[in-house]
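Subject: Handing over a structure

Dear colleague,

I am passing a structure on to you, and below it you will find my notes on what was found in it. Please keep the structure open beside the text as you read.

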Amino acid sequence: NKLIIMNNYETVFITTPVLSNDEYTRTVKKYAELIEKAGGKVVQKEDWGLKQLAYPIQKKTTGFYTLLQFEVDPQFIRKFEVEFKRDENIMRFLTTRFDKHGLAYAEQRRNKLSGKSKKTEQ
């Protein structure tokens, strides 16, 4: 019985703006499923929508931004990032590991976001 240590990570990635809604949804779902298949857990998923890029990437000036916050075995991260590099729909990505302060901040942020959504529903 090997003890598996799970670390907390956050990945923000930019997909090409030429994707249809279905293609975009499938792309995001693919990465969430990769995490789950590796025994991890997606804690938060945020679609930030179409945003202007600071500089052109692959001759494009906009892209769809997505944030995934998750827990997974650290051994998985290299494989996860290789998948991003191979995917022609992904223009850029950045994965960061949370320390306890980053985790506390992310939880505060998540609570604030969920609080806002409850107010707008009423």
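Two strands are said to pair if DSSP finds at least two bridges between them, and the strands themselves, like the helices, are DSSP runs numbered from the N terminus (E for strands, at least two residues; H or I for helices, at least four). This is a predicted model, in which local features need pLDDT of at least 70 and side-chain atom pairs count only at pLDDT 80 or more, while totals for chains, interfaces and linings use all residues. Residues are numbered from 1 along each chain as its sequence is written, and side-chain values use heavy atoms, with hydrogens and water left out.

The sheet

In this model, four strands form an open sheet in the order S2-S3-S1-S4, and their pairing is antiparallel. At the edges are strand S2 (41-57) and strand S4 (90-97), each of which pairs on one side only. From one strand to the next, the twist averages 20 degrees, where axes are lines fitted to C-alpha atoms (for helices over the stretch in contact) and angles run from 0 to 180 degrees between N-to-C directions. In general, the strands of a sheet pair through backbone hydrogen bonds, either parallel or antiparallel. Here strand S1 (residues 7-15) runs antiparallel to S4 and is joined to S4 by seven bridges; Tyr-9, for instance, has Arg-97 in S4 as its bridge partner.

The helices

Helix H1 (residues 21-37) lies across S1, S2, strand S3 (60-72) and S4, at about 25 degrees to S3, whereas helix H2 (residues 76-86) lies across S1, S3 and S4, at about 165 degrees to S4. H1 and H2 also pack against each other at an angle of about 160 degrees, with their axes 11 Å apart, and they are therefore roughly antiparallel to each other (angles under 35 degrees count as roughly parallel, over 145 as roughly antiparallel, 65 to 115 as roughly perpendicular and the rest as oblique). The contact (heavy atoms within 4.5 Å) is made by Lys-30, Tyr-31, Leu-34 and Ile-35 of H1 and by Phe-76, Phe-80, Glu-83 and Phe-84 of H2.

Leaving aside residues up to four places away in sequence, Phe-80 touches Thr-11, Tyr-31, Leu-34, Ile-35 and Phe-70.

The salt bridges

A salt bridge is a side-chain nitrogen of Lys or Arg within 4 Å of a carboxyl oxygen of Asp or Glu, and a search of the whole structure finds three of them.

- Lys-29 and Glu-33 meet through their side chains at 3.9 Å, N to O, and because they are four residues apart in helix H1, about one helical turn separates them.
- Asp-87 pairs with Lys-30, their closest N and O atoms being 3.3 Å apart. This pair links distant parts of the chain, since Asp-87 is in the loop between H2 and S4 and Lys-30 is in helix H1, 57 residues apart. Asp-87 is buried, at 10% relative accessible area, whereas Lys-30 is partly exposed, at 32%.
- Asp-47 and Lys-45 meet through their side chains at 3.1 Å, N to O; Asp-47 is partly exposed at 44% relative accessibility, and Lys-45 is partly exposed at 42%.

Notes:
Buried means under 20% relative accessible area, exposed over 50%, partly exposed in between (1.4 Å probe, protein chains only).
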